[in-house]
Amino acid sequence: MKKIVIAMLFVIFFGCQNQTSYEEEVNKEQDLLEFLLTGNKRFLDEKSTHPHQNLNAVLKNQNSQHPFAVIVTCSDSRVSPEILFDQGIGDLFVIRNAGNLISDIDMGSIEYAIEHLDTKLVIILGHTECGAIKAYLGDKNDDYKKHLSHIDNIIETIANENEQKKIKNTNDLNSCIIANIMHSKKIIEDNPIIKAHKTKIISMEYNIHSGKVMQL
């Protein structure tokens, strides 16, 4: 019995030590973007540390949350920010929808993170082979079946984005994906609350073929 108690104390003590050292690393980090990219490199190198993915993290965040970054990304099942950036519970404030679009609800969620959670960084994370953009291209070329009205709303939103961005080749998938990402970035940058807090806004693209995240 005594050995079991000692073993439990050992696990709790060193578990807390690891948790604390990780938090200190985040707090001292001057460039949060670089911090995320370093996490992606660990993921690519198959050296993920899986921080804050335990009961201790649940308990530490049960009364409040302090995410250091907002991630606006696609609902695509292949794009999971906590996994791609090697983060855990309480680290990222993630907003997801098909095509990483910015509606009033999404903007309200971003404002909440900035104003009430004091989050310093917003990432718009699009990805290659985006199904929402493919749907837009298919519909535009008249070879894609019409959808239910809500999906049509997504396509219409993307069409309006591309029209506003005036991209050179609206038939090119990746050009449309990047235009979509940059349009979302512009909407967020123009928000007065975001401007007032001088929040850093970064656009990124995740490659579903390689697992790598690149800044645009």
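Buried means under 20% relative accessible area, exposed means over 50%, and partly exposed covers what falls in between, with a 1.4 Å probe and protein chains only; by that rule E129, with a relative accessible area of 26%, is partly exposed. The structure is a predicted model, in which local features need pLDDT of at least 70 and side-chain atom pairs count only at pLDDT 80 or more, while totals for chains, interfaces and linings use all residues. Residues are numbered from 1 along each chain as its sequence is written, and side-chain values use heavy atoms, with hydrogens and water left out.

**Overall make-up**

- The chain holds 9 helices and 5 strands, where helices (H or I, at least four residues) and strands (E, at least two) are DSSP runs numbered from the N terminus.
- Along the sequence, these elements follow the pattern α-α-α-β-α-β-α-β-α-α-α-α-β-β.
- Of the 216 residues in the chain, 41% are buried.
- Among contacts (heavy atoms within 4.5 Å) with a separation of 6 or more, 69% are between residues 24 or more positions apart.
- The chain exposes about 12,400 Å², of which carbon and sulfur atoms supply 55%; accessible areas come from the Shrake-Rupley method with a 1.4 Å probe, and for residues only the protein chains shown count as cover.

- Helix α5 (residues 104-116) has 13 residues and should span 18 Å at 1.5 Å a residue, which agrees with the 17 Å between its end C-alpha atoms; the expected span is 1.5 Å times one less than the number of residues.
- Within α5, the residues D106, M107, I110, A113 and I114 are buried.
- An α-helix has 3.6 residues a turn, so residues three or four places apart point the same way.
- On the other side of α5, D104, I105 and H116 are exposed.
- The cover over the buried residues of α5 includes the strands β1 (69-74), β2 (92-97) and β3 (121-127), together with the helices α8 (173-189) and α9 (192-197).

**Positive phi angles**

- Most residues other than glycine have a negative phi, and most peptide bonds are trans.
- E46, which is not a glycine, has a positive phi of about 55 degrees; E46 sits in the loop between α2 (32-44) and α3 (55-60) and is exposed, with a relative accessible area of 74%.
- N100 also has a positive phi, near 40 degrees, and lies in the loop between β2 and α5, but N100 counts as buried at 1% relative accessibility.
- D118, which follows α5, has a positive phi near 60 degrees.

**Salt bridges**

- A salt bridge is a side-chain nitrogen of Lys or Arg within 4 Å of a carboxyl oxygen of Asp or Glu, and by this rule the count comes to 8.
- D118 pairs with K120 in one of them, with the closest N and O atoms 2.8 Å apart; D118 is partly exposed at a relative accessible area of 48%, and K120 is partly exposed with a relative accessible area of 48%.
- K134 and E129 form a salt bridge with an N to O distance of 3.0 Å, and K134 is partly exposed at 37% relative accessibility.
- E189 and K185 form a salt bridge at 2.4 Å, N to O, and both lie in helix α8, 4 residues apart, about one turn of the helix.
- In that pair, E189 is partly exposed, with a relative accessible area of 29%, whereas K185 is buried, with a relative accessible area of 16%.

**A surface patch and a buried histidine**

- L55, V58, L59 and I89 make a nonpolar surface patch of about 350 Å²; patches are made of residues with over 30% relative accessible area and no salt bridge, joining like charges within 9 Å and nonpolar side chains (Val, Leu, Ile, Met, Phe, Trp, Tyr) within 5 Å.
- V58 belongs to helix α3 and is partly exposed, with a relative accessible area of 41%.
- H127 lies in strand β3 and is buried, with a relative accessible area of 1%.
- Leaving aside neighbours within four places in sequence, H127 is in contact with C74, D76, R78, V79, I177, E205, Y206 and I208.
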